[in-house]
Structure formats: C-alpha cells, structure tokens
Amino acid sequence: MIVSKQTDRLRFFSELYEGAKNHLSEVTDALRRHYEQYKGSDEIDGSTERATAVRNITYEIVESQISSDIPAPKVEAKRYSLRHDRNATGIERLCAKVRDELPFESYNDIDERYTYIYGGSVWLVEWDSDLEDAGVRGGVRVSCLSPTDFFPQPHITEIDDMEYCFLRFVTTREELTRRYGVSRAVASLAEAEGAGDARDETVTVVVCFWRNEAGEVSRFVFSGGAVLSDMEGYYRRKEAYCPRCGAAAHLCRCGVGTRALRDVTEEVLTHDVLLGDGSVIPAKTPLFFGENGEVTEVGTHIPYYLPKHFPIVIRRNTSCAGQLLGQSDCAFIRPQQQAINKVESRIMQKLMRSGVTPLVPEDATVTLNNAVFGQVIRLRPGESAADYGTVDTTPDISQDIAEAERLYLQAKRIVGISDAYQGLDTTAAESGYSRQIRIRQAAGRLESKRRMKYLAYAAIDRLIFEHYLAYADEPRCITYTDCFGVRHPATFHRYDFLEFDPASGTYTYDDGYLFSVDLSGGPEQQREEMWEKNLKNLQAGTLGDPADPATLLRYWQNQERAHYPFARENVVYFLDRIKREEGQHGTEPGRETALGTALGAPRGGADADSGQSGSGANDVR
C-alpha cells in the first residue's frame, strides 16, 4: 500500500478504517447475534415477539467442545544438519518457555469460546522492550482478541495477502501517555468510548498495520483526532540521534535539546562471539585492498533480522470459502435453537394455562378461590357429594418434549457431538476402555477444528521465534528436562542462526524452519495414560529387572517426566540408594555403574561425537 507523505495521514487512515468497518457491518451484526445466542437470547428471527422460555442448547454444545489442551511446539529444520537440528530444538524449548511464562491457560480458555461462537479468534504477538526477567530486558507479549475488534482489508481472506488491517482496543488516557509518549493535550483529543464526553477517561484506540512500498510492515495508531504513533518500518530498530550533528543521542555533544529517530539496520561487533557449536564470529573482518594485497581489518557488521509477517494470527473454527474467519457453530445450530425456544415457550404456555376447574351446584353456598385448603365445603341435608366435581384441563406435553429432544439431537449431530463425547451416561453395558474408544471415534468428527487450532499455534510459535530472532540481544535461558528426568541449563541466542556467505562476505539469518505441534500431546495431555503405560513397562520387564534399583530409578524418572505426584522424591531416594550400594561394594573394572546406566551416561563419561559431557548442558546455545 502506497501512502503519500503529502496526504493528511490521519484522515487517510480514518477513512480507510471507516471503509473497512462499513464493509464488515453485516458480519459484525452476525457476530453479535452469535454471541447473544450463546448467552441465551430470547430473540425470535422474523418476529417482534420474544420467547417466554429458553433452553440454551447453544451454550451446552459450545461448552462441550472446550478443550484445555495447549499443543506442544514442534520445529524441524528445512535443511538437516547437526547445527540446524540443534537450533530447531532450541526454538521448541524457547516457545515452550514463553508459553509457560505467559498465562496461556487463560488465553486458550477465551480462544476456544471465541472460535466456536464467532467462527474464529485473533491473536496478536508483540515485542515489549519494557519487560524484564532475571536482568534481561525485552520479551514477547501475546494477546487473544475478539473478532469483533478486528477489521481486515475488504475482500481479502488471508492475513499474508493483506495490505492493511485494523485492530481496535479500549484503554485509558493515562495509558496513552505512558505507552505512546504523547502529551496530555494530545491524549485529550482521543475518542471517548461509548457515549461519554471528551473528559471520559476510557478511550478507543485503533491500530493499523500496513505495508509500505518495500513490503515492510508499518504501523499507524490513532484515536479520534489524536495521532499516537506513526512508524514506517515497524520491525526496524530505532535509534535516537541529534538532527544537527547526526551523532547518536548518547554521544551528542552539541547541546541541541531536540532528538529524532532513525532506523538502525545492522550492528558492529565489539568482541568475538562464541556460538553454540563451538565456532566463533570474529569481531574483526579482514578487507583486501590494492594489487599488493594490503589487508585491513574492520568491525564485523551483523544485520538485524526483520520479521516479514503481520503480528496477527487468525484461528479458524472450520474453513469457509471466501471468509477470513471460519464457520460459526452458532450459525449452524441457530434453526434448532430457535425452534426449541418456540417449543419450550409453547410448553410453558400450556402449563401456565392448565389447572383443575371445580364444578358445584348452582345453589351451592361455598365460595371458591385460589387458596389451598382455605375453605371447607359443608353439604346440606339430603345433598350428595356426587353433585360436586372437577374438570381437569392439564394438557399433554409429551409430544412437545419429544420434539424438543429431537431438535436437540439434531443440533448435536450437526456439530458432531455424541452423548459419549459429552460424558453422559449411556444404557449400554461396556468396559471403560471400550467407552474411551467410542469417545475418541465421536471426537474424530471434530478433528478438523483441532487441526485449525494446531495451525494457529504453529503460526504463533513462528512469530515468537521471529521476534526473539530480531530483538533478543542477550542469550535467553531455556532450561529443559532430558529423557532421564535431569534438568539442564541451555540458552537461546540469535547469533546461532547466523550464516556466513564467503562469496559476498556477509552474514544472514537462517529462519528456514518448519513449525507444527506435537500431535502426541506430550505428558501434559496424557498424564494418566502415561502413568499406566510406565507401570506396565515396569511389570513387563521392558525397563529391566523390576527388582533392580536401577530399573526402579528409570521407572520413577519416566513417571517424573509424566508429572506423577511425588515422583521426584522416589527418584532422589533410589539415586541415594544406588550411590550407597555402589560405595559399599565398589564397581568391577570395565563395567558401567548402575547409576551411570540409569542416568544414560555413555562409556567413558563423555560424548564421543561432540567431546562434551553427557549432561547435554551445551545442547543449545
């Protein structure tokens, strides 16, 4: 998208935003109806009447699909080598660490509901330089947003194909001054949220991500008549400098108070950089001049990495041609929800009008009212109780109930949910394993939704990786637990992804990695199943002699990886027991110790391939 510098940029982006909103007006109305349906709206389509009774099957069906599972990251290199494989493992551990530090459980919870209600959700991944952890500044900030606050370029259904898109936020005027560094006078021009006046502290902020002539992602932020940020080349690093002398702000000595920002595209090394594979990027690069081969050394120039994608990920429910979002479950079961509301209202009307009407002789002296046992009927001499009676007007609602249940089953089958999937009781006698298999078969119809979730999480992981590759100057600690339950220190460093081109003498970043998710789910998703399998392996002798302490140690290490309660205490116990036994009896020459075998130490105590210790402490750097 080309934006002329002579154009009134605020008016240009405001008009672009209004055009995107107007084009999406029908979709916005549909999203509103979906949410109200999920909340139990009594609205009846095509009628001004309201349902008198609502059976909210939409809420039940949506909530039945909510999954708390967070897919584990999986990364593979496009070109295999030991270095690329090590880097791919480092990316996996980095993404897992970022997820652990962020409240992804909360993000996933709202993301699941957004997806099924609206047909999709919107994720925003940003770099926050103000974050600080263990003395290291900067980190990724992730947000899960409602599709009602996202306005894409009209007629474009893929994020990567868009020239621009808008996000809408609600914040306060004080936050505007803190985050964007604008004055209070500028913040006072921001658009008040709702019907408040200009003094209202809650304001609406619009963020536009757009591409410049070079295809780089740029950002324009505004609110009402206030321009909060205008950053062309959003991902480029910025440096404050003096407009008079051109020096960086911290080096300027001319005393000019004004400062401006300029792009910084590369850095010059001041010291040698040791990489994870043991190689070194030298601080000085030799240059050859003249026919006599004069050599001079200059500082090594390393470019800064620039992400290429919008910092936005769309998770779809199920794909739909010609739509940015997926298909909403609420839209598909709306006819059944409407029909059930009508049937339930009819049932309620029948029951409210029903009752027992008394019959009495014309000359009876009793007065009837609605009180229960509030009167006594006394018969006159010669009068028979047969002269009195009742008319029962209680209606038969069995057919209405059957129709409501039929509509409910229709709605579940449309989405692909069975009673077994919901965990409801069934009359069939079956084993627990058979029931589990049947639940999995029922869940198979929902597999496409899970695949869309995996696709979205893979895209989120790629954005996390690209942001750390671009801005994480210091090594990041990414401790991990190996297959023996032992924790090791490791680091993620962006320099490990640099590749040198001898022909041009330049460095480039290797970002050629394939992102997906671990379909096995990992121990977090299959804890109880893994506990049972580990126990069966122990009993079957696949881990060794069940009576051998080294075998029991291996078993409890596996249970610790699967997060079995108090497994760590058992690991420590058997480690201490093996150490004491070997200390008492010694070790025969030429044989590995039971402790070394249990911990997976190779013969000789070192890795023959790498020359490093078997702990794997330098696996990623």
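**Figure 1. Overall architecture of the predicted chain.** The secondary structure comprises 16 helices and 27 strands. Of the 621 residues, 39% count as buried. Among contacts between residues at least 6 apart in sequence, 63% join residues at least 24 apart.

Figure 2. Trp127 is part of strand S2 (residues 120-133) and Tyr468 of helix H12 (residues 447-471), so the pair ties together parts 341 residues apart in sequence. Both Trp127 and Tyr468 are buried.

**Figure 3. Close-up of the aromatic pair Phe465 and Tyr513.** The ring centres of Phe465 and Tyr513 are 6.0 Å apart and the planes stand at 75°, so the pair is edge-to-face. Phe465 belongs to helix H12 and Tyr513 to strand S27 (residues 513-518); the pair thus links distant parts of the chain, 48 residues apart. Phe465 and Tyr513 are both buried.

**Figure 4. Close-up of an aromatic cluster.** One cluster is formed by Phe12, Phe13, Tyr17, Phe151, Tyr164, Phe166, Trp210, Phe220 and Phe222.

**Figure 5. Close-up of two arginines over aromatic rings.** Arg99 lies over the face of Phe104, 6.0 Å from the ring centre. Arg315 lies over the face of Tyr116, at 5.9 Å from the ring centre.

How values were computed
Residues numbered from 1 in each chain as written. Predicted model: local features only at pLDDT ≥ 70, side-chain atom pairs only at ≥ 80, totals over all residues. Heavy atoms only, no water. Helix = DSSP H or I, 4+ residues; strand = E, 2+ residues; numbered from the N terminus. Buried < 20%, exposed > 50% of the residue type's maximum accessible area, 1.4 Å probe, protein only. Contact = heavy atoms within 4.5 Å. Phe/Tyr/Trp six-rings, centres within 6.5 Å; stacked < 30°, edge-to-face > 60°. Lys NZ or Arg CZ within 6 Å of the ring centre and 35° of its normal.
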